[in-house]
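This report describes one protein chain for a reader who has the coordinates at hand. Please consult the sequence and model shown here alongside the text.

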Amino acid sequence: MLSFIAIVLLLFLIPGPAVIITITQTLKGGKKNGISTALGIGLGDLVHTLAAVLGLSAILMNSATAFEVVKFIGVAYLVYLGIQMLLTKPQKIEKPTVEQSPASTSFRQGFLAEILNPKTALFFLAFLPQFIQHNGQSVTVQLLILGITFVVMSALYTILLAIITSFIGEKIFTKTTNNGSRWIEKAVGFVYIGLGVKLALQTQSR
C-alpha cells in the first residue's frame, strides 16, 4: 500500500485533463465551482474503479469499436464545452470569481469529462492489478481498496488545487475588467477544445 500511495503521489505531479479542468473551472467560477468540479471528477474515477473491478473496462481494452465510441463521445463533449465558452457573450461583472453557473453544473462537467475518457478506464484496469498481493485475500476486495484509495487521494488533491487556484486568482484578478474576464473565458474554451483534440488522438496502445 505504501508503494501504491508513493507512486500515485508521483503521478499527481504530471498535470492531466482533470487538473486542467479543475483549474479552469476555478478561475472561471470561483472556489465553490472548482471544488464541485473536483468532486465530479472523483465520482467519475469511482465509476471507473468499480468498472475495473467488475471487469467491464476489459471491453474497452479488447474492443476497438467500443473504445472509439466512448472516446469520441468524450471528444464531442469537451469540444462542445469549448465552443460554448468561446461563444459566450460578455457579461458585466464586478468580481473575477463570480459564480455565473451553479456548482451542480461544474460537478456534472467534471464527472462527464472524466467518465467519458476511455484512457482513464484503461489506466485503472492496467494500474491497479500491479499492486495485488496473492496472499489469500480476495482480489476483488484488494482492487476496491486500491481504487477507493486512489479516488480519495485524487479528490483531495484536486480540491486542494481548486482552493490554491482560487486564492491566487483572487490576488491576481482582483481588478480584472469585463474585457479581461472575456479573454479568460476564451482561454478556457481553447483549453477544453485542446483537451478534446488530445483525447481524439489517443489510441488503445498508448
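The sections below treat the basis of the model, the overall fold, the helices, the nonpolar cores and selected residues.

## Basis of the model

The model is predicted; local features need pLDDT of at least 70, side-chain atom pairs count only at pLDDT 80 or more, and totals for chains, interfaces and linings use all residues. Residues are numbered from 1 along each chain as its sequence is written, and side-chain values use heavy atoms, with hydrogens and water left out.

## Overall composition

The protein chain contains nine helices and zero strands, where helices (H or I, at least four residues) and strands (E, at least two) are DSSP runs numbered from the N terminus. The order of elements from the N terminus is accordingly α-α-α-α-α-α-α-α-α. Of the 206 residues, 45% are buried; buried means under 20% relative accessible area, exposed over 50%, and partly exposed in between, with a 1.4 Å probe and protein chains only.

Contact denotes heavy atoms within 4.5 Å. Among contacts between residues at least 6 apart in sequence, 87% join residues at least 24 apart.

## Transmembrane annotation

An unreviewed UniProt entry lists residues 38-62, 69-87 and 140-163 under "transmembrane region". UniProt positions are given in the numbering used here, feature names are shortened, and annotations may be inferred rather than shown by experiment. In the model, residues 140-163 are 100% helix and 0% strand, and the end C-alpha atoms of this stretch are 34 Å apart.

In α1, the buried residues are Phe-4, Val-8 and Phe-12. Viewed down the axis of α1, these buried residues fall within an arc of 80°, so they line one face of the helix; the arc is that of the directions from the helix axis to the C-beta atoms. An α-helix has 3.6 residues a turn, so residues three or four places apart point the same way. The exposed residues Leu-2 and Leu-10 are carried on the face of α1 turned away from its buried side.

Helix α2 comprises the 13 residues 17-29, and its end C-alpha atoms are 18 Å apart, in agreement with the 18 Å that it should span at 1.5 Å a residue. The expected span of a helix is 1.5 Å times one less than its number of residues. Buried residues of α2 include Ala-18, Val-19, Ile-21 and Thr-22. Gly-30 follows α2 and has a positive phi, near 100°. Helix α3 (residues 31-54) has 24 residues and reaches 35 Å from its first C-alpha to its last, close to the expected 34 Å. Just after α3, Gly-55 likewise takes a positive phi, of about 85°.

## Nonpolar cores

A nonpolar core is a set of buried Ala, Val, Leu, Ile, Met, Phe, Trp, Tyr and Cys residues joined through side-chain atoms within 4.5 Å. The largest such core has 14 residues, of which Phe-4, Val-8, Phe-127, Leu-128, Leu-146 and Phe-150 touch the most other members. The elements giving two or more residues to this core are α1 (2-12), α3, α7 and α8, and α8 gives the most, with four residues.

A second, separate core of twelve residues includes Ala-113, Leu-116, Tyr-192 and Leu-199. Leaving aside residues up to four places away in sequence, Phe-127 touches Phe-4, Ile-7, Val-8 and Leu-11.

## Selected residues

Thr-22, in helix α2, counts as buried because its relative accessibility is 0%. The side chain of Thr-22 reaches the backbone oxygen of Ala-18 at 2.8 Å. Beyond residues up to four places away in sequence, Thr-22 touches Gly-34, Thr-37, Ala-38, Ile-41, Thr-158 and Ala-162. Thr-120, in helix α7, is also buried, at 11% relative accessibility. Excluding neighbours within four places in sequence, Thr-120 is in contact with Asp-45, His-48 and Glu-114. Thr-120 and Gly-44 are 76 residues apart in sequence and 9.3 Å apart in space, C-alpha to C-alpha.

Leu-46 belongs to helix α3 and is partly exposed, with a relative accessible area of 30%. Pro-129 lies in the loop between α7 (118-127) and α8 (139-172) and is partly exposed, at 41% relative accessible area. Not counting residues up to four places away in sequence, Pro-129 touches Phe-124 and Leu-143. The C-alpha atoms of Pro-129 and Leu-143 are separated by 7.1 Å, and the two residues are 14 residues apart along the chain.

Key
A polar contact is a pair of N or O atoms within 3.5 Å; within protein, one must be able to donate a hydrogen and the other to accept it, and residues adjacent in sequence count only if both atoms are side-chain atoms.
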